[in-house]
Amino acid sequence: MSPTLSRLLLLGTLFGATACSSMTLSPRIRTNPPSAALYINGEPVGSGDERTHEIDFTNTTRCWIQAVRRGRPPQIVWLTRKQVEAKMNLYDGVIELSWEN
């Protein structure tokens, strides 16, 4: 096999592996109290009781997660893909937003 063909095969393999990697993460998100409304990138996703949510990083480098509780200022966190991955690894896959009482 020629060196040029070998390089092309290697580049094709590397590109294929990169193209197949997922840009979606699925952390568990919860709020304290669980009755707070939860939004991901401005879209309502329900209440803050702990559950898995998909966060798509295909067209963005950051996401924002917001928890809203009546009578309190909203809790907002901006996270990059790497930060979401780190929180998932450090905190048993859970991202928590809460208010101090």
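I began with pLDDT, which is the predictor's confidence in each residue, from 0 to 100. For this predicted model I found a chain mean of 83, with 78% of residues reaching 70 or more. My ground rules: local features need pLDDT of at least 70, side-chain atom pairs count only at pLDDT 80 or more, and totals for chains, interfaces and linings use all residues. Residues are numbered from 1 along each chain as its sequence is written, and side-chain values use heavy atoms, with hydrogens and water left out.

Where pLDDT is low, the predicted coordinates should not be read in detail.

Next I looked up salt bridges (a side-chain nitrogen of Lys or Arg within 4 Å of a carboxyl oxygen of Asp or Glu) and found six. Which residues are linked in a network of them? I noted Arg28, Arg30, Glu50, Asp92 and Glu96.

Arginine 28 pairs with glutamate 50 at 2.8 Å between the closest N and O atoms, and with aspartate 92 at 3.8 Å. Glutamate 50 also meets arginine 30, at 2.4 Å from N to O.

Last, I asked whether these side chains are buried (under 20% relative accessible area), exposed (over 50%) or partly exposed (in between; 1.4 Å probe, protein chains only). Arginine 28 is partly exposed at 27%, as is glutamate 50 at 37%, while aspartate 92 is exposed at 61%.
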